[in-house]
Amino acid sequence: MRIILISGKGGTGKTSYASITGYKCAEKGLKTLIISTDPAHSLGDSLDIELTGEPKKVMDNLYALEVDINNEFRIWWNSAGEYIKKFLMSRGLEKAFVDEFSVPPGFDEILGLLKIRDFLKSDYDIIIVDMAPTGNTYRLLSLPDLLEAYGLRLIEIERKVVGVARRFQFATSIPMPPDDVYVEILNLYEEMKKLRVLLSDPKQTTIRVITTPEVMSIKETLRIATFLDLYNIALEAIVVNRIIPDVISEPFFREWKESHRKNIEEIEKIFKDTEIFKMPLFSFEIRGLDQIKKASDMVYDNKDPKWLIKPRSPHKIIRDEKTNQTIIQIKFPEGFEKKDFTLFQEEDELLIHVGKMIRRISLRDLKGDVVKSKFRDNRLEIFMQNDSNYSK
Ligand SMILES: Nc1ncnc2c1ncn2[C@@H]1O[C@H](COP(=O)(O)OP(=O)(O)OP(=O)(O)O)[C@@H](O)[C@H]1O
Ligand SMILES: [Mg+2]
């Protein structure tokens, strides 16, 4: 089974592209499921069919669902959500605020992504995920690292302390979390770790980022691609949407066409190792199966909608027996320099900072210390000296 994630800035055409690609896959005989994880669903509007939280048949081989976030909360965050509400109310906060704060921002999208795991053992050939505009999702994918670094041991300790306190029924005005809360948090942590493993396997999961040939959208695409490289998620293609077609020759569009041409050149330069897939501005609204079919015939022609290229992992680990070193290689888009990266080693963790993003990589299994780093051919290389007696 293949999983294709569709990401990008708001309004660039993610939902339309998901419908077009899903349609083409189904037409080619692949059993296809499109999942919308965007809390502001619009997949049903695009396909022109009422969707629910479970797969609904759209046509032969094509199924779709819009994740029911309330339901996912009940499954994953019931006790924790209730406890946070109780706690905040005991501190005098009003109910209206409490409802807002019981859910971390961006959490709904992560719960949406966890829904993919329900279908891993199903007979779908391909799952296409129509994601929300980029925001908190990617940041939240780093949550398991953070919990591992700071929280996990504390959570276990607190769980024991609270367990004892609960047994002796200490009188306190602060409500104590029931054990379910810890079970839920730890369970979610395990599931998010599994989700990360699934997203980092390029044979199974890839991502296509939708952009328009405009500077703001390109900047966002670069941020997304950098994140994907840091987190080892394979970028399969950049889809450039709403390109003004050549047949348009009205003077009003002359400047737009020229800026599109320049911006597409820029995209091709920044992502020179990535498939660039072009989609024109259509003369019609892509809504309902007839229009979706028309658009999918125009853009896919005889291209395979399932695979645009065979993607590679951004991370590579190379072992050098001669020097007894391990080299972690991470590729990045064009335009970065060594000074854009800051590296730290904290005990058995490597921290890579680039811009406002941080990636923590556990060095536990690699058994060694970072000795130097290099940046060449858009690749960050981190050299570790291995030591068989290594323990930290
Ligand atoms: N190439 C195109 N030609 C014409 N119309 C388009 C094209 N791409 C998208 N649209 C239209 O633009 C609107 C926004 O597209 P869509 O909903 O697919 O974007 P989105 O990235 O999913 O937005 P959001 O970030 O809100 O989820 C829709 O009305 C869609 O029909
Ligand atoms: Mg959308």
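**Reading the sheets**

Tutor: The strands β11, β12 and β13 form, in the order β11-β12-β13, an open sheet with antiparallel pairing. Its edge strands are β11 (341-346) and β13 (357-362), each pairing on one side only. Strands here are DSSP runs (E, at least two residues; helices are H or I, at least four), numbered from the N terminus, and two strands pair if DSSP finds at least two bridges between them. This is a predicted model, in which local features need pLDDT of at least 70, side-chain atom pairs count only at pLDDT 80 or more, and totals for chains, interfaces and linings use all residues. Residues are numbered from 1 along each chain as its sequence is written, while chains are lettered from A and ligands numbered from 1 in the order in which they are written.

Student: How many bridges join β12 to β13?

Tutor: Strands of a sheet pair through backbone hydrogen bonds, either parallel or antiparallel. Here six bridges join β12 (residues 349-354) to β13, and L351 has R360 as its bridge partner in β13.

Student: Which strands pair with β2?

Tutor: β2 pairs in the parallel sense with β4 (residues 62-66) over five bridges, S36 standing opposite E66; five bridges also join β2 to the parallel β5 (residues 126-130), where L33 stands opposite I127.
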